[in-house]
Amino acid sequence: MKILALLHTENNTLPKAALEVLTAAKSLEGELMVAILGSHAAAAANSIAGCGAIKFLTVEGAAFADPRYATDSAAATALIQAAAADIVLAPSTSRFARALPGAAYRVGAHIDTHIIAVTAQGGAVKAQRWFYRQRILSTFSRTARPWMLLIEGGVNTPFEGAAGSANPEAIAVTLSEQGTTINGIQAPAADAQTIRPDAEILFVAGAGWTKKQKDGQYHIGDAGALIQGFLATAKASLGSSKSLVDLKSEGQETLTFMSHMNQVGQTGSTPRHLKGLSTCCHGEEPHAVGWRFITERRAVNLDANCGWVQGKADVVYIADAFEVVAKINALLG
Ligand SMILES: Cc1cc2nc3c(=O)[nH]c(=O)nc-3n(C[C@H](O)[C@H](O)[C@H](O)COP(=O)(O)OP(=O)(O)OC[C@H]3O[C@@H](n4cnc5c(N)ncnc54)[C@H](O)[C@@H]3O)c2cc1C
């Protein structure tokens, strides 16, 4: 069985998500090949020369430096065809999530997304993914070949191995027409982004931050400053309960830097971080579903009887989160 790890570069090197896919591909029984597209693809191939692949294929050049559906799907099509792979594993980055379904159609492959595990024994390949908001875990296989699998970030250890000379084969790509011209990229400053999938810590804020506090007053401005202070010093990612993000649509004063994109839980996201700290948060959904993939979980709540905090956190601090976070920020700062 021919297994292809289809990767792309980011800032001229292989991103963590690509190295994680390489680990997953290496664990399968079969002939491993690696294909890389993007700027400095050949140098990236050399950086993982010791991964055990029998062949390295690359597509690079100015047309493939920036993510763009037309060029990326054409390059991925050429790489998959050159490898004649049976199984294609690729990282579930925004670049590939956009371009690879088109490549799958062109090579006649079947593609599955949100894959968290792949095994291959005796030619039988099985993949795993969650359905129904991470409540049902399914293990399944397909007879279609090629079979393309987009692998979720954070579930495999990034590959580490010797660099060397990979002797990559440059694959030519015929571009029929190039519809989009990239004149530049406008993006917010890195620390303006509160959703940081690669952060070690997930900070979950609940609606308690916006409730009347012990002096009978609201302290939403203080809450915002404390949370943003923690995010900046701990380089944490920000999650929220549904109640907190819903306040905005109800026209109530709330934290301005929070949106529905931050919501974790049954109807939110289920991120993967090493540590989680939930503050002023009571709900079942954020604690039971929202951070089920968080390894070490702690919570700060005034309510010693909060069942979801007690049931799901490894450590619960019965304390005022305003005081706790101010103290942590002072220590970190
Ligand atoms: C179908 C369905 C889907 C849902 N999906 C989601 C979902 O995806 N995500 C989600 O989050 N919710 C979801 N919910 C809502 C969920 O059930 C809860 O209502 C919600 O999570 C509660 O939000 P909260 O804990 O922030 O607020 P609250 O329940 O109001 O809790 C506030 C907490 O803050 C504490 N507190 C207040 N002040 C302080 C302080 N100074 N220091 C420390 N602690 C303090 C209080 O003790 C309290 O425990 C869903 C509900 C339904 C019905």
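This report describes the predicted model of one chain, from its overall layout down to single residues.

## Basis of the model

The model is predicted: local features need pLDDT of at least 70, side-chain atom pairs count only at pLDDT 80 or more, and totals for chains, interfaces and linings use all residues. Residues are numbered from 1 along each chain as its sequence is written.

## Overall layout

The C-alpha trace spans about 70 × 45 × 40 Å along its principal axes. The chain contains nine helices and 15 strands; these are DSSP runs numbered from the N terminus, with helices being H or I of at least four residues and strands E of at least two. Of its 333 residues, 42% count as buried. A residue is buried if 20 or more other C-beta atoms lie within 10 Å of its own, exposed if 12 or fewer, and partly exposed in between, with C-beta atoms placed from the backbone.

Two residues are in contact if their C-beta atoms, placed from the backbone, lie within 7 Å. Among contacts in the chain with a separation of 6 or more, 68% are between residues 24 or more positions apart.

## Two domains

The domain assignment gives domain 1 (2-170) and domain 2 (190-332); such bounds come from an automatic or database assignment. The centres of domain 1 and domain 2, taken over C-alpha atoms, are separated by 35 Å. Five residues of domain 1 are in contact with seven residues of domain 2. On the side of domain 1 that touches domain 2, the residues divide into no nonpolar, three polar and two charged. Here Ala, Val, Leu, Ile, Met, Phe, Trp, Tyr, Cys and Pro count as nonpolar, Asp, Glu, Lys and Arg as charged, and the others, Gly among them, as polar.

## Nonpolar cores

In soluble globular proteins, nonpolar side chains tend to be buried together. A nonpolar core is a set of buried Ala, Val, Leu, Ile, Met, Phe, Trp, Tyr and Cys residues joined through C-beta atoms within 7 Å. The largest one has 59 residues, of which Val21, Val34, Leu79 and Leu89 touch the most other members. Another core, of 30 residues, lies apart from it and includes Leu244, Trp291, Ala299 and Val300.

Leaving aside neighbours within four places in sequence, the contacts of Val34 include Ala5, Leu7, Ile48 and Phe56.

## Helix α9

Helix α9 (residues 321-332) has 12 residues and reaches 16 Å from its first C-alpha to its last, close to the 16 Å expected at 1.5 Å a residue. The expected span is 1.5 Å times one less than the number of residues. Ala321, Phe322 and Val325 are buried in α9. Seen down the axis of α9, the buried residues fall within an arc of 100°, so they line one face of the helix; the arc is that of the directions from the helix axis to the C-beta atoms.

These buried residues pack against α5 (220-234), β13 (275-279) and β14 (296-301). On the other side of α9, Glu323, Lys327, Ala330 and Leu331 are exposed.

## Backbone exceptions

Most residues other than glycine have a negative phi, and most peptide bonds are trans. Asn12, in the loop between β1 and α1, has a positive phi near 70°. Asn12 counts as exposed because it has 12 C-beta neighbours inside 10 Å. Lys235, in the loop between α5 and β12 (237-240), has a positive phi of about 55°.

A cis peptide bond, with omega about 0°, joins Arg145 and Pro146. Pro146 lies in the loop between β8 (136-140) and β9 (147-151).
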